[in-house]
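Please look over the sequence and the model before reading on.

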Amino acid sequence: SPVNCVSLLGTHDSTQMIIAGGQDGSIVLWNKEGKFISAAKPGSGSVNACTFDQALSENPVAYIGTVDVGVTIMKPAKLNIIATLAHHTGAVKAIGGMAGQRLASISSDDTIQCWSWSQTKA
């Protein structure tokens, strides 16, 4: 399946994980050596955006934007879904992670959503 997005956890000289999202709705995670870790499908539609919360490198999360679900928050190691943020009415086109469990998403519904969440509540 064609890849729509890719993101690195870490910096250019200390990459820890690589995540990619595909047109078929899949998310694939690799370690820094390119070894496959896990794969998942957070929804049934295309994955348009993916990024890591860089501030949570000790306990990382990935933010996934899809055509059908909205924004999904996942634990990278096994790609477990810990929360879904579904306030967009259109496909999520881009996600920007901000420090400390905050993110922004933009959608084809012509809105930008700013999110704040807690791992203790998710």
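The sections below go from the whole chain to single residues.

## Basis of the report

The structure is a predicted model, in which local features need pLDDT of at least 70 and side-chain atom pairs count only at pLDDT 80 or more, while totals for chains, interfaces and linings use all residues. Residues are numbered from 1 along each chain as its sequence is written, and side-chain values use heavy atoms, with hydrogens and water left out.

## Overall architecture

The protein chain contains zero helices and 11 strands. Both kinds of element are DSSP runs numbered from the N terminus: helices are H or I runs of at least four residues, and strands are E runs of at least two. The order along the sequence is β-β-β-β-β-β-β-β-β-β-β.

The C-alpha trace spans about 40 × 35 × 25 Å along its principal axes.

## Surface, burial and charge

Of the 122 residues in the protein chain, 46% are buried. Buried means under 20% relative accessible area, exposed means over 50%, and partly exposed lies in between (1.4 Å probe, protein chains only). The accessible surface comes to about 6200 Å², and carbon and sulfur atoms account for 53% of that surface. Accessible areas come from the Shrake-Rupley method with a 1.4 Å probe; for residues, only the protein chains shown count as cover.

The chain carries 8 positive and 8 negative side chains, and the centres of the two sets lie 7 Å apart. Lys and Arg count as positive and Asp and Glu as negative, without His and the chain ends; each charge is placed at NZ of Lys, CZ of Arg, CG of Asp or CD of Glu.

A search of the whole structure finds one aromatic pair. Tyr63 and Trp117 form this edge-to-face pair, with 6.4 Å centre to centre and 90° between the planes. The partners are 54 residues apart, Tyr63 in strand 6 and Trp117 in the segment after strand 11. Rings of Phe, Tyr and Trp (its six-membered ring) pair if their centres lie within 6.5 Å; planes under 30 degrees apart count as stacked, over 60 as edge-to-face and the rest as tilted. Tyr63 is buried at 0% relative accessibility, and Trp117 is buried at 10%.

Leu103, in strand 10, is buried with a relative accessible area of 0%. Leaving aside residues up to four places away in sequence, Leu103 touches residues including Tyr63, Trp117, Val71 and Leu85; contact means heavy atoms within 4.5 Å.

## Further residues

Ala20 lies in strand 2 and is buried at 8% relative accessibility. Among the residues that Ala20 touches, not counting those up to four places away in sequence, are Cys5, Trp30 and Cys50.

Two loop residues are exposed. Glu58, between strand 5 and strand 6, has a relative accessible area of 78% and is exposed. Asp110 occupies the loop between strand 10 and strand 11 and is exposed at 73% relative accessibility. Phi of Asp110 is near 65°, a positive value in a residue other than glycine. Most residues other than glycine have a negative phi.
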